[in-house]
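Welcome, and please have a look at the chains shown here. The notes that follow go through the fold, a helix pair and a chain contact.

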Amino acid sequence: MAWRDDWRRVRAIARKDVTTELRAKAGFNSTASLGVTILILLGLALGPDAQALRDAAVGAVWLALLFSGVLAFNRSFQVELESGALEPLLLYPGPRWTIFAGKLLGNLLFLGLMVAIVVTVGVVLFSVEIPARWPTLLGVLALGVVGLVVLGTFYASMASRSRAREVLLPLLLFPMLVPALVAATTASKALLGADLMHDADAWIRLLAAYDVIFLIATFLAFEHVIEA
Amino acid sequence: MIASNTTFVTAAYALTWVVLLAYVWRLVAKDGRASAEYARVSGRREGSR
Amino acid sequence: MNVADWSFDPSRTGRRTGIWLVLAAVVVLMATQTYAITNSPAEGDMGHLQKIMYVHVPAAWMTFLSFFVVLVFSVSYLWRRRETDDLIAASAAEVGAVFNGLTLALGMIWGRPTWGVWWAWDARLTSTLVLFLIFVGYLALRGFVDDAGQRARWSAAVGIIGAINVPIVYMSVMWWRTLHQQPSSPSTLDPAYTLGLRINAIAMLLVLIYFIRKRYEIARLERAVEHAAQSAAMGGR
């Protein structure tokens, strides 16, 4: 029963965030455009040799996701702060972790949509050939995005309430994402190539473990972070 | 051309000492400032009482 | 917030003992370095370059030790909410960043003549670099948060989550690529070098203790000033 109430809180917060974003599309449009712009710039910097671009595609797409994702995470708390809505949100009854879960879900939907756009553009611009194991590749992408969103949402809950939130979030977040970045790009490259060594599976397990570990850790730590 | 091994060893030890002593210097300077500030603040509190 | 345990009186805590500790640390470090340099034979592959080990390896150990202190006192802060724990963690983080930067620079100075490159993307170099970035993020966060309670809770969270990440970074980069030699620990070393390494590590530990202690005392002074300013702003007591 209590579990169902918690789930309703999570859904309510996520729905509220998504609705806010849908009403004012400026936030989504600008972050997605930034992602695409970064891809174009990387293409210009690394091209025009088609093979070189194809080799760099995975790294380029991930960097574009990281840099545009950072903006999205800060937004999700900034909107609350600007309207003075975070304090009342904390006053509502029910466990605090539901706030984090709701924000997480909202950011996951928001970023999922953005990833779809950026990855599609990346595949076209960098002339990536879709391999036979594309469902696994999508799985790698999903696991990587979950890791990005979990830590991004967690650090944004602090960075967005500090001075200098624009620099602080990437400064805190990017070093933490090193294992996810290495695992996701290496696994994707293996899947796009021949993967003769069957490397991809080990990397996918690492990525999944990373997600689970930090999902638990951030949920536990959030109680301390959100306290007024 | 790579400099001789002795150069690298000397550079390593010199760097270590420079870094450690610079940090000692920084600590001492910071301590001086913090102590002065503390004396000023506590003095003012004594005075106002 | 427990302001109650803030009865800190700098005139009564014997802060000037710091001068003896730093002098002792400097003398001991000079002695152990002289001993190690003069008593180690030239190594087979590396010749006299091996002598960089006596500063590089202890610096690396002190880096990890500092980060361990940050982890322990961050957990302790979230557990017991004692402000002193937060200040110790913060002091250890700053000192750790200094040793971490030194470790990286010394590693490069050693790497250039032995590997022929200043930087290699191997597991331990890269994870030490990531650790440095985590230290930097931790210190930046402390710089950008004004409320003392928030600063303490947030940096404790960042310290703990960062510590969880370090072994994962190490593992991932190790799978990714590796060319570093076996970790230098007394058991894998030729006995001719063991004693030199051990005593240098002890000397470096003295330096570390002095640094953290001194930084902690300064942090306490700064907090006392902050508290005084706060209570003055609230109308004075």
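Starting from the N terminus, chain C runs α-α-α-α-α-α, which comes to six helices and zero strands. Do keep in mind that this is a predicted model. Among contacts in chain C with a separation of 6 or more, 79% join residues 24 or more positions apart.

Chain B has one helix and zero strands. Here are the two chains side by side:

| Chain | Residues | Buried |
|---|---|---|
| chain B | 49 residues | 16% |
| chain C | 237 residues | 44% |

Now for a helix pair within chain C. Helix α3(C) covers residues 83-115 and helix α4(C) covers residues 123-144; their axes come within 9 Å and cross at roughly 145 degrees. The crossing of α3(C) past α4(C) is left-handed.

Which residues of α3(C) meet α4(C)? On the α3(C) side they include A90(C), A93(C), G96(C), A97(C), G101(C), L104(C) and G107(C). Among their partners in α4(C) are L125(C), L129(C), F132(C), F135(C), V136(C), Y138(C) and L139(C). The contact also involves E94(C) from α3(C) and R142(C) from α4(C). Sorted by class, the residues of this helix contact are twelve nonpolar, six polar and two charged.

Let us finish with the contact between the chains. Chain B contributes 25 residues to it and chain C contributes 30 residues. The chain B side that touches chain C is made up of 15 nonpolar, six polar and four charged residues.

Terms used: Residues numbered from 1 in each chain as written. Chains lettered and ligands numbered in written order. Predicted model: local features only at pLDDT ≥ 70, side-chain atom pairs only at ≥ 80, totals over all residues. Axes fitted to C-alpha atoms, helices over the stretch in contact; angles between N-to-C directions. Helix = DSSP H or I, 4+ residues; strand = E, 2+ residues; numbered from the N terminus. Left-handed = near helix turned anticlockwise from the far one by under 90°. Contact = placed C-beta atoms within 7 Å. Nonpolar A, V, L, I, M, F, W, Y, C, P; charged D, E, K, R; others polar. Buried ≥ 20, exposed ≤ 12 C-beta atoms within 10 Å, placed from the backbone.
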